[in-house]
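Welcome! Open your viewer, and let's walk through this model one selection at a time.

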Amino acid sequence: MYSSSNHSNGYHPHHQHEDNRFGQTHSHSKDRVRRYTRGGATSTNGRSRDSHGHAGPTSASALRVSDQQQKPATDFDMAYFFFFFFCDRVRTETYRMAIMQHQSAIAGKVVVDVGCGTGILSIFCAQAGAKRVYAVDASEIALQANEVVKANNLSDTVIVLHGRVEDVEIDEEVDVIISEWMGYMLLYESMLGSVITARDRWLKPGGLILPSNATLYMAPVTHSDRYGESIDFWRNVYGIDMSAMLPLAKQCAFEEPCVETITVSAMLPLAKQCAFEEPCVETITGENVLTWPHVVKHVDCYTITIHELESVTTRYKFKSMMRAPLHGFAFWFDVEFSGPAVSPSNNHTLSLLVDNNPIDGSQRKKRANPNEALVLSTAPEDPPTHWQQTMIYFYDPIEVEQDQLIEGSVTLSQSKENARFMNIHLEYASGGRAFVKESVMR
């Protein structure tokens with residue numbers, strides 16, 4: 001689910017650009033790339049010159065934001081700040097704690113912040129004692145990031161580079177890669193592809209990646225209130241029976257992607273009219289979840305390849321814990337901030353993270369030693385984040401009894417229609433009935 005090197009890593013709120021791709025986002029800065037060096041000005045032949053005019057080695061190839069003019073903030077910029085800082089303390093606080101927890105691996109070391117956005121993670125690393133931080137971003141937010149760095153008197157430590165990870169040339173290996181790369185449903189429009197590129201290009205053997213691994217989960221859910229708001233409303237409209245509208249209501253109500261609980265007007269283009277045909281991004285609670293979750297995909301950031309993410313398939317089997325209408329499936333993820341020695345190196349070590357019940361196939365999340373790894377979770381029972389949960393709703397609910405089996409498979413793959421879209425092929429069966437639902441996350 002990742003694109004070619006013609007696309008970049010810029011840190012954006014998800015759905016920012018129509019030409020976004022899985023794992024990477026398009027950059028228009030490639031034609032403006034020039035060489036930047038720590039030593040001083042850049043000569044026409046790409047070699048830097050120090051204060052005495054001597055040529056020196058090139059540190060990085062990119063357009064440093066100090067060479068660009070500041071642009072006025074747009075409505076989208078304002079929404080960016082509101083949405084990602086005021087609405088998501090959980091994310092920022094967890095990253096800050098992870099950096100402090102790994103301060104011994106960061107102090108005196110070289111760090112790359114992939115998709116630095118406003119530069120807050122780069123500044124956290126500088127405050128933890130990093131020798132040098134390359135803050136890389138392909139979007140225009142890098143201009144503001146540079147101002148933030150200067151305002152905090154960290155320009156000698158944090159080098160903000162406006163360019164793509166694929167284009168930036170850093171002439172030294174790095175000790176640490178940090179990135180807030182996760183997208184909705186973990187993989188949709190994520191920057192994991194750029195993290196993989198940075199890892200393969202610059203990370204020293206034994207280096208640190210934060211976060212170190214991630215796990216995508218799914219579980220069947222019941223959500224009668226949500227279904228009723230969209231569908232049952234038509235059974236009685238001011239005392240009028242409009243049930244004849246139900247087939248059309250289901251088609252329209254389930255037609256477009258849903259991003260709920262966003263009230264900032266500038267974010268409205270990102271959240272199309274809420275519906276169920278395509279996945280909805282919204283907040284549910286643990287009370288909506290019918291079973292223990294199933295692991296869809298475990299991502300080890302130290303070993304994962306882009307090829308592995310082009311298509312992800314898993315088979316599942318759940319046993320409902322209660323009698324309730326089954327309205328669909330929820331997806332969420334965890335990420336852990338641990339070193340390479342603690343991070344699982346393959347799926348065989350996943351037994352440390354889940355209980356596998358051979359009777360019903362359910363998987364219960366657990367951690368052998370929670371003190372070893374800091375966890376950022378987007379699970380329904382945890383504090384809400386801007387990722388919320390991703391929901392795939394059915395047109396019609398299925399009534400399930402306690403202990404009734406729910407089984408099938410799900411495949412996540414890059415769309416051939418448009419590389420930024422994610423196709424979701426969901427097969428599910430319960431109570432002797434089988435169904436197939438095709439969705440596209442746009």
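Where pLDDT is low, the predicted coordinates should not be read in detail. This is a predicted model, in which local features need pLDDT of at least 70 and side-chain atom pairs count only at pLDDT 80 or more, while totals for chains, interfaces and linings use all residues. Residues are numbered from 1 along each chain as its sequence is written, and side-chain values use heavy atoms, leaving out hydrogens and water.

**An aromatic pair**

Now select Phe-333 and Trp-387. Their rings form an edge-to-face pair, 5.4 Å centre to centre with 75° between the planes. (Rings of Phe, Tyr and Trp, the last by its six-membered ring, pair if their centres lie within 6.5 Å; planes under 30 degrees apart count as stacked, over 60 as edge-to-face and the rest as tilted.) Are these residues buried or exposed? Phe-333 is buried, at 1% relative accessibility, and Trp-387 is buried with a relative accessible area of 1%. Buried means under 20% relative accessible area, exposed over 50%, and partly exposed in between (1.4 Å probe, protein chains only).

**A ring cluster**

Next, select Tyr-316, Phe-318, Phe-329, Phe-394, Tyr-428 and Phe-435, which ring pairs link into a cluster.

**Last stop**

Finally, click on Met-322, which is partly exposed, with a relative accessible area of 31%.
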